[in-house]
Amino acid sequence: MGKIKIFFRRLFGGSFKRMFNQMNLIHKETGAARFPMFFDIIWCIFRYGVGYMDYHVFGFAKIEGKKRRTFMTMNDNSAISHALNSKEYFRYFDDKALFDEKFRDFIGRDYLDLRNADSNALKAFCEGKKTVFAKHVNDFGGSGISREDITPDTDFDVLFKRLCENKQFLVEEELKQHEKMNSLSPSSVNTIRIVTLYYNGEAHFMYALVRMSNGQTCVDNICSGGMYVSICDDGVIRKPAYCDATGQYYTEHPFTKTVFNGFEIPMFKEAVEMCRKAALVYPKVAYIGWDVAITPERPVLVEGNTLPSYDMVQNYGHIDEKTGIKPKFEAILGKDFFKKAK
């Protein structure tokens, strides 16, 4: 019954119009015929629990048979989080201000929670700073973030009132990113998503990818027009970046012209080790996607996510041998983990 429920949830939970749009894109990219592709998508929804969006991202039009079983799905991803992450501790990750407090040793920046402050505290916090960033404490995807320039004319009573009315209760000092990371895209802090899995007393590094802005926005999130590319375990990029907004791969950044293939992430090993240490703070939240910034001095945490993304790391244009990441999780959790989780 489980597969039948998943099938109908996937089939009717989306939009047929969007599905046919995706089919047209796949047809243009691969030349695959639309009619058999439609039935293949329906089959993949039933057999693998893969919706039409993942069908496109994973490149299933060009992948057949057993290799399809190597891809981690939305349900697999949720199963890991549900089994290994205790909701009792989610508040430390869902509330960005609380995250800053609990992971103070890893964040490398000053912050102020306006829920526990007044306009005088805001003024004192901003003293000597040219720019601060105001954020919603519980938004995601880069929404609710504004850049606030501080000048001698800044009215902190007005600023405090506006931020509180907008529920932008978290104010942070600006993060200065490493010059090399800045060369990817200077308009935002280009964060690295590093995923760890704490199991049997060890924090395992699972995968990493870097996200960058389009060169015009102050956030690097994919839903805000940014792009992403996987990072090899040695910290080097060897693939083109992908942009959801355009549906295209880029060998170089369209704004900065920085070439991706061969780009080495500075202090990558240190970033991975930092995340493995951070994973020990709340071991009952065992599956975490860390967003990391590389500053001139060291890697720092931006935030942590209790339901890491599973799709970007399995993008067809980024994977070798055209296999998914599920076997890496099975090697740690055991072959039967996902069967038991269903």
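This is a predicted model: local features need pLDDT of at least 70, side-chain atom pairs count only at pLDDT 80 or more; totals for chains, interfaces and linings use all residues.
View 1. Helices (H or I, at least four residues) and strands (E, at least two) are DSSP runs, numbered from the N terminus. Two strands pair if DSSP finds at least two bridges between them. Strand S5 (residues 192-199) runs antiparallel to S6, and eight bridges join them. Their hairpin has two residues between the strands, and Asn200 takes a positive phi near 55° there. S6 also runs antiparallel to strand S7 (residues 227-231), joined by five bridges; here Leu209 has Ser230 in S7 as its bridge partner. Ten of the eleven residues of S6 (residues 202-212) are buried (buried means under 20% relative accessible area, exposed over 50%, partly exposed in between, with a 1.4 Å probe and protein chains only).

**View 2. An open sheet of four strands has the order S1-S4-S2-S3.** Its pairing is antiparallel. Strand S1 (111-113) and strand S3 (145-149) stand at the edges, each with a single partner strand, so one side of each has no neighbour in the sheet. Look for the three bridges between S1 and S4, where Asp113 stands opposite Leu170 in S4.

**View 3. Lys167 sits in a loop.** This loop lies between helix H10 (156-165) and strand S4 (170-173). Is Lys167 buried or exposed? Lys167 counts as exposed because its relative accessibility is 55%. Leaving aside residues up to four places away in sequence, Lys167 touches Lys135, His136 and Val137 (contact means heavy atoms within 4.5 Å). Lys167 and Leu114 are 53 residues apart in sequence, yet their C-alpha atoms are 9.2 Å apart in space.

**View 4. Helix H9 packs with H10.** The angle between helix H9 (residues 119-126) and H10 is about 105°, and their axes are 9 Å apart (axes are lines fitted to C-alpha atoms, for helices over the stretch in contact, and angles run from 0 to 180 degrees between N-to-C directions). Ser119, Leu122, Lys123 and Cys126 of H9 meet Phe156, Asp157, Leu159 and Phe160 of H10 in this contact.

How values were computed
Residues are numbered from 1 along each chain as its sequence is written. Side-chain values use heavy atoms; hydrogens and water are left out.
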